[in-house]
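Hi,

Here is the structure I promised to pass on. Please open it next to this email and follow along.

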Amino acid sequence: MDGFDQLPDSVVLLIFNSVSDIKTLIRCRSVSKRFNSLVPQTESLLLKVDCVISAECDSDSLLFSFLKSLLKSLHGFFLPDQKPPRVLAQTPTSPAQILSQFDRIRRLQIELPAGDLKLEKSGIVKWKAVFGRTLKSCVILGFRNSESDPSDVEVDFTGGLKTRVVWTISALIAASVRHYLSREVVRAHSEMESLVLRDRDDEGTVVMDREGLKESRLEGLIATAGGEDRSAWEAGRTVVPSVRMRMRHAPRVELKNGSWVEGATLVVVRPCGIGAHTSAEVEDAELAMSAFGSGAYAEAVQVLLKSKSYLVEMNSF
């Protein structure tokens, strides 16, 4: 008798939840009839997406048209090698179809093969966005690698407002694309309590908690009854609402290990009207502190929170 045969189903499912990787779990289905029946009941899953649509492909996606027009309107704000965000491929093995093999998904992570932002080779932008039916908050941290050759960097990088706005817009577009492309998965799995979309470069993360998922499903029902939101369909992404952005900037931030980063910028983005005016700055600081865990990124955030902040508002786009 196989050792697994002596384990109750609940213990086997705990093991499957610990494995989480969908490719591994699908292979497990061919091991035995029992495994085949239990794998679809796994509640914690990790889906690693291997295929994306490249910006260089001959795509008729209106998202690319939108990004192209945005880049043009910014009059050179982006560097020459800037490329629009890549999106999940719509293939017979799309995430929604793969996940249809699972019946009780509660916690799901989707990992993309790479980040979306390619602003310049020495620039680093890290972001975390929280969504419900639309954007709830986004924390963006950008800086230049101190080991880079200064001659390779645009002069405006460390001091210009336009560069910081470009970082912010780019991160918001990338986040809204990921959120929009997750809608089928969200609607199909009503028991899901947590959804995280990240990339292997650890550049950006989209998070949806139980309440956010509920909002998104409700919005989906409304859209289905009255027709999809045309503006979202045309953009290929979730429309970003009117937002206020609290920005902080420091020409140079020294870290505890003696290293430093240059041109550091911290931006906390929230929909206009969210949070009382007197407590908004405190709430923004709490969001920033919790965005990137521990380590160098968290250190940089702590230092930047001591800098003077200023507010910028942006219309819906």
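Is arginine 246 buried or exposed? Arginine 246 is buried, with a relative accessible area of 8%. Keep in mind that this is a predicted model.

**Salt bridges**

Start with the charged pairs. Side chains of opposite charge can pair when their charged atoms come close. The structure holds 15 salt bridges.

One of them joins arginine 246 to glutamate 281. Their closest N and O atoms are 4.0 Å apart. This pair links distant parts of the chain. Arginine 246 sits in strand E9 and glutamate 281 in helix H10, 35 residues apart.

Salt bridges that share partners build one network here. Its members are Arg244, Arg246, Arg248, Arg270, Glu281, Glu283 and Asp284.

Now look at another pair, aspartate 284 and arginine 244. Their side chains meet in a salt bridge of 3.0 Å, N to O. Aspartate 284 lies in helix H10 (residues 280–291) and arginine 244 in strand E9 (residues 243–254), so this pair ties together parts that are 40 residues apart in sequence. Both aspartate 284 and arginine 244 are buried.

Next, find aspartate 199. It forms a salt bridge with arginine 178, and the closest N and O atoms are 3.0 Å apart. Aspartate 199 belongs to strand E7 (residues 194–199) and arginine 178 to helix H6 (residues 161–181), so the pair ties together parts that are 21 residues apart in sequence. Aspartate 199 and arginine 178 are both buried.

**An arginine without a salt bridge**

Which side chain of opposite charge is nearest to arginine 217? It is glutamate 193, 8.8 Å away. Arginine 217 is buried yet has no salt bridge. The cut-off for a salt bridge is 4 Å, so a distance has to be within that to count.

Arginine 217 lies in helix H8 (residues 210–226). Its side chain reaches the backbone oxygen of valine 186 at 3.1 Å. Leave aside its neighbours within four places in sequence, and arginine 217 is in contact with Val186, Arg187, His189, Ser190, Glu191 and Met192.

**Helix H1**

Move to helix H1, residues 9–19. Val12, Leu13, Phe16 and Asn17 are buried there. Seen down the axis of H1, its buried residues fall within an arc of 145 degrees, so they line one face of the helix.

What covers the buried residues of H1? The cover includes helix H2 (22–28), helix H3 (33–38) and strand E1 (44–48). Just after H1, serine 20 takes a positive phi of about 60 degrees.

**Nonpolar cores**

Phe16 turns up again in the largest nonpolar core, which has 50 residues. Phe16 is among those with the most contacts inside it, along with Leu108, Trp127, Leu135, Leu195 and Val269. Helix H6 gives the most to this core, with 9 residues. There is also a second, separate core of 16 residues. Leu255, Ala264, Leu266 and Phe292 are among its members.

Best wishes

Note on methods. Residues numbered from 1 in each chain as written. Predicted model: local features only at pLDDT ≥ 70, side-chain atom pairs only at ≥ 80, totals over all residues. Heavy atoms only, no water. Helix = DSSP H or I, 4+ residues; strand = E, 2+ residues; numbered from the N terminus. Buried < 20%, exposed > 50% of the residue type's maximum accessible area, 1.4 Å probe, protein only. Arc of directions from axis to C-beta. Contact = heavy atoms within 4.5 Å. Lys, Arg positive; Asp, Glu negative; His and termini not counted. Polar contact = N/O pair within 3.5 Å; in protein donor to acceptor, adjacent residues only side chain to side chain. Core = buried A, V, L, I, M, F, W, Y, C linked by side-chain atoms within 4.5 Å.
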